[in-house]
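Have the viewer open as you read.

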Amino acid sequence: QKMSIEEFLIISPRGDTLLTKNYVGSAVNRSTADTFLEYVNKHQLHGQANKNNSTVEPIFVVDGVTFCHIQTSKMFFVLTSTKNVQCATLIEILQRLSRVFKDYCGVLTEESVRRNFLLLYELLDECFDRGCPQGMSTELLKAYVYNEPAAVQGVPSSGNQVLGKQLNQLSDALASQVNLGEKKTMTSAAANKPIMSAGDKKDNTIFVDVIEKLTLVLNRNGSVSQQYVNGAIQLKSFLSGCPEMKLGLNDALSIKNLGVVGSGSAGGGGVLAIDDMSFHECLRLDETSKTAAFKLYAPDGEFTLLTYRITSPFRPPIIVTPFLETQGPNGLDYIVRVRADFPAEKSAANVLLTFMLPPWASSVSVETAASPVAAAKPLSPGRAEVDRKTLSVAWLVPKLPGGSEVLLRAKMVLPTHTRASACDLSEFGLVKVNFEMPMYLVSGLQIKYLDFVHAGKTAPNKWIRYLTQSLSYVGRWT
């Protein structure tokens with residue numbers, strides 16, 4: 001009873017209650033959703049007034065009721081309880097619920113919640129017994145869930161799903177005409193489908209994502225003061241049955257907490273050292289092999305197969321360098337140069353830089369320029385906007401190829417009592433960089449093989465994708 005919850009809700013960004021499930025009666029006199037939204041809106045308004053862009057804490061208490069929430073696909077998943085519950089457990093329950101819902105609906109959007117509310121209620125009935133959490137495994141719930149999901153496109157307004165379907169059809173037609181055999185690429189939308197369909201038919205496919213998230217702090221001269229990598233291998237399985245598989249990583253890979261010592265060189269840069277690695281329960285290390293080899297049984301649905309952390313130095317993919325140029329006694333230009341320090345055949349997508357200007361800046365204007373790679377196509381420097389109320393700058397570069405440079409120049413006028421020559425870079429705030437790089441990992445980690453022990457007559461389809469993302473990538477000029 002100590003771990004029981006009173007209510008579960010899914011609330012849209014507009015404040016609409018998409019789904020609610022009450023287990024042991026009303027937790028408070030008024031609507032739980034109204035109480036939650038009132039607190040969230042008040043907190044966000046307070047953050048805007050103080051210009052700190054703060055977010056609502058994931059756990060808070062109002063009138064003796066504990067509210068715990070996460071935000072998934074811009075929707076709030078909320079649990080309430082009047083007991084002294086384990087807060088970390090509530091967060092874990094919400095994360096598992098979101099994964100289960102996504103596995104059964106294919107995509108997790110407002111439309112999928114509205115169209116599959118009977119399926120979601122059935123899942124909630126199986127996941128909780130009078131508010132006490134039970135099994136939340138996609139594989140185990142299959143035996144107790146009978147409602148079939150309603151097919152929903154991922155993002156109807158964007159047209160990405162329709163375009164992806166057309167591209168797949170074109171690829172199939174081309175392969176059949178010129179006898180190319182199996183396809184070599186697949187759109188990312190192919191994995192956005194429910195694990196259960198009419199007749200429980202599966203296409204015997206497994207999707208593998210190797211994702212690395214970077215934490216890095218750059219100094220004003222472009223050097224690195226702190227850096228590490230958080231990596232994960234995520235699987236989404238649509239396999240028939242539960243076949244045994246073998247997974248192999250780089251030969252030149254050492255894992256300290258497992259005692260694995262690699263041999264050879266990782267891309268000519270020596271042995272890749274992983275500080276620690278943790279596994280999903282379905283994965284085990286192959287003790288008969290001296291390299292990073294594993295055996296696993298992949299359950300249905302999406303899950304994280306393993307996570308790892310690397311603290312050894314790596315080459316920053318994007319280098320940000322600041323400059324100050326005086327323009328007369330009261331004119332100052334703040335220049336931010338961004339250089340893509342990775343191979344030319346790769347590119348970074350949706351590179352977004354945000355930073356604050358000093359409070360004394362006035363008459364601010366920004367302009368951008370680009371320096372593409374030699375013999376390459378013209379490069380767009382992106383678009384920069386200035387919020388004159390908060391003196392914040394947002395600069396978005398849609399695509400940044402390797403080896404190229406883009407530059408932003410923020411022109412500002414100083415107060416009459418301040419001379420431009422007396423200004424220093426330390427007066428300017430952090431530069432936050434958000435980006436993602438498909439098919440590229442800074443660590444050099446690779447999946448050497450993913451084989452099925454008993455493949456049968458028809459070998460399952462395997463799709464592997466690599467992705468690098470920024471987690472906390474900042475430039476600090478102190």
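Helices (H or I, at least four residues) and strands (E, at least two) are DSSP runs here, numbered from the N terminus. By that count, the protein chain has six helices and 26 strands. Keep in mind that this is a predicted model, where local features need pLDDT of at least 70, side-chain atom pairs count only at pLDDT 80 or more, and totals for chains, interfaces and linings use all residues. Residues are numbered from 1 along each chain as its sequence is written, and side-chain values use heavy atoms, with hydrogens and water left out.

**The chain as a whole**

A residue is called buried under 20% relative accessible area, exposed over 50%, and partly exposed in between (1.4 Å probe, protein chains only). Of the 478 residues in the protein chain, 44% are buried. The accessible surface, from the Shrake-Rupley method with a 1.4 Å probe, is about 24,400 Å², and carbon and sulfur atoms make up 50% of that. As for contacts (heavy atoms within 4.5 Å), take those in the protein chain with a separation of 6 or more: 69% of them are between residues 24 or more positions apart.

**Cores**

A nonpolar core is a set of buried Ala, Val, Leu, Ile, Met, Phe, Trp, Tyr and Cys residues joined through side-chain atoms within 4.5 Å. The largest one has 77 residues, and the members touching the most others are Ile318, Val320, Tyr334, Leu357, Leu400 and Met412. Strand E8 supplies the largest share of this core, six residues. There's also a second, separate core of 37 residues, with Leu19, Ile93, Leu120 and Phe128 among them.

Setting aside neighbours within four places in sequence, Val320 contacts Leu218, Asn219, Gly222, Val336, Arg337, Val338, Leu353, Val431, Val433 and Trp477.

Leu407 is another one to look at, sitting in strand E23 (residues 405-413). Leu407 is partly exposed, at 26% relative accessible area. Not counting residues up to four places away in sequence, Leu407 touches Ile335, Val336, Arg337, Glu367, Thr368, Ala369 and Trp395. Its C-alpha lies 8.3 Å from that of Ser371, which is 36 residues away along the chain.

Helix H2 (residues 87-105) has 19 residues and spans 27 Å from its first C-alpha to its last. That is close to the expected 27 Å, worked out as 1.5 Å times one less than the number of residues. The buried residues of H2 include Leu90, Ile93, Leu94, Leu97 and Phe101.

Strand E4 (residues 65-72) is mostly covered, with seven of its eight residues buried. Two strands pair if DSSP finds at least two bridges between them. E4 pairs in the antiparallel sense with strand E3 (residues 59-62) over four bridges, and with strand E5 (residues 75-81), also antiparallel, over seven bridges. Phe67 in E4 is the bridge partner of Phe60, and in E5 the bridge partner of Phe67 is Thr80. The E3-E4 hairpin has two residues between the strands, and Asp63 takes a positive phi near 55° there. In the E4-E5 hairpin, with two residues between the strands, Ser73 has a positive phi near 50°.

**Salt bridges**

A salt bridge is a side-chain nitrogen of Lys or Arg within 4 Å of a carboxyl oxygen of Asp or Glu. The structure has 21 of them, including these:

| Pair | Closest N and O atoms |
|---|---|
| Asp16 and Arg14 | 3.2 Å |
| Arg465 and Asp209 | 2.9 Å |
| Asp251 and Lys448 | 2.7 Å |

Asp251 is partly exposed at 32% relative accessibility.

Through shared partners, salt bridges also join Arg14, Asp16, Glu110 and Arg114 into one network. Within it, Arg14 is exposed at 56% relative accessible area, while Asp16 is partly exposed at 34%.
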